[in-house]
Amino acid sequence: MKFYKVVAVAVMALWACGAAAEGRIAVFDVEAAVLNTDMAKKRLTDMRNQAEYKKNVSELESLKKKYDKVVEQFQKDFDILSAEQRQATKNKIDAARADGEHIARKIESANQQEAQSILQELGPKLQAILPQLVKDENIGLLLPRKAVLHADSSYDITAKVADKLNNAK
């Protein structure tokens, strides 16, 4: 098993050297580049300022406070509560947790839907910009940022892509 790891590391090192000979190596986070554009920031801010979204956030905060209060009271009174009271309180806690999780999923879903919409909208611009940036930067190997264990910030072109998307019309 150890032998295979050594061989895999050697192959990857040779592969990286070959890629470096053709051009430099870079990493790139598509989602971060797109969501850091001015248009995406504005759309996400607009979505977060909608009444329904604000209502959900407010409701989630209220539920969290209520949940924390009930849990704290339950922990304080645990020794003096009867078995039925403990069960009733646990049911209250579980209901509050479920309500909070439901609202949190609604908020997360709204964020994901808006982000997905932005990614789809900017996808064609990204497809037009990326090949030219790869050529201009002499990039021989472009890797997804999330697939790399470690890369120094000098290898990351995400900010450059976001800037090019901001300037593209």
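**Figure 1. The elements of the chain.** The chain of this predicted model holds 6 helices and 2 strands. Reading from the N terminus, their order is α-β-α-α-α-α-β-α. The chain has 169 residues, and 28% of them are buried.

**Figure 2. Helix 4 against helix 5.** Here helix 4 (51-77) meets helix 5 (residues 83-136). The two pack with their axes 9 Å apart, at an angle of about 155 degrees. Angles over 145 degrees count as roughly antiparallel, and helix 4 and helix 5 are therefore roughly antiparallel to each other. Their crossing is left-handed. Sorted by class, the residues of this contact are 14 nonpolar, 4 polar and 7 charged.

**Figure 3. Helix 5 against helix 6.** Helix 6 spans residues 158-167, and its axis lies 10 Å from that of helix 5, at an angle of about 125 degrees. That angle makes helix 5 oblique to helix 6. The crossing of this pair is right-handed. From helix 5, the contact takes in Leu 122, Lys 125, Leu 126, Ile 129, Leu 130, Leu 133 and Asp 136. Helix 6 answers with Lys 160, Val 161, Lys 164 and Leu 165. By class, these residues comprise 7 nonpolar and 4 charged, with no polar ones.

**Figure 4. The largest nonpolar core.** This view gathers a core of 25 residues, in which Phe 28, Val 34, Ile 118, Ile 157 and Val 161 touch the most other members. Two or more residues come from each of strand 1 (24-28), helix 2 (30-35), helix 3 (38-48), helix 4, helix 5 and helix 6. Helix 5 is the biggest giver, with 10 residues. Apart from this core lies another one, of 5 residues, including Val 70, Val 71, Phe 74 and Ile 93.

**Figure 5. The surroundings of Phe 28.** Let us stay with Phe 28, one of the core members that touch the most others. Neighbours within four places in sequence are left aside here.

Figure 6. Is Leu 126 buried or exposed? With a relative accessibility of 10%, Leu 126 counts as buried, since the cut-off for buried is under 20%. Leu 126 belongs to helix 5. Beyond its neighbours within four places in sequence, Leu 126 is in contact with Phe 28, Val 30, Val 34, Pro 131, Val 161 and Leu 165. Val 161 and Leu 165 are also part of the helix 6 side of the contact with helix 5. For a sense of distance along the chain and in space, compare Leu 126 with Ala 33: the two are 93 residues apart in sequence, yet 9.3 Å apart from C-alpha to C-alpha.

Figure 7. Asn 138 counts as partly exposed, with 49% relative accessibility.

Terms used:
Residues are numbered from 1 along each chain as its sequence is written. This is a predicted model: local features need pLDDT of at least 70, side-chain atom pairs count only at pLDDT 80 or more; totals for chains, interfaces and linings use all residues. Side-chain values use heavy atoms; hydrogens and water are left out. Axes are lines fitted to C-alpha atoms, for helices over the stretch in contact, and angles run from 0 to 180 degrees between N-to-C directions. Helices (H or I, at least four residues) and strands (E, at least two) are DSSP runs, numbered from the N terminus. Angles under 35 degrees count as roughly parallel, over 145 as roughly antiparallel, 65 to 115 as roughly perpendicular and the rest as oblique. A crossing is left-handed if the near helix is turned anticlockwise from the far one by less than a right angle, and right-handed if clockwise. Contact means heavy atoms within 4.5 Å. Ala, Val, Leu, Ile, Met, Phe, Trp, Tyr, Cys and Pro count as nonpolar, Asp, Glu, Lys and Arg as charged, and the others, Gly among them, as polar. A nonpolar core is a set of buried Ala, Val, Leu, Ile, Met, Phe, Trp, Tyr and Cys residues joined through side-chain atoms within 4.5 Å. Buried means under 20% relative accessible area, exposed over 50%, partly exposed in between (1.4 Å probe, protein chains only).
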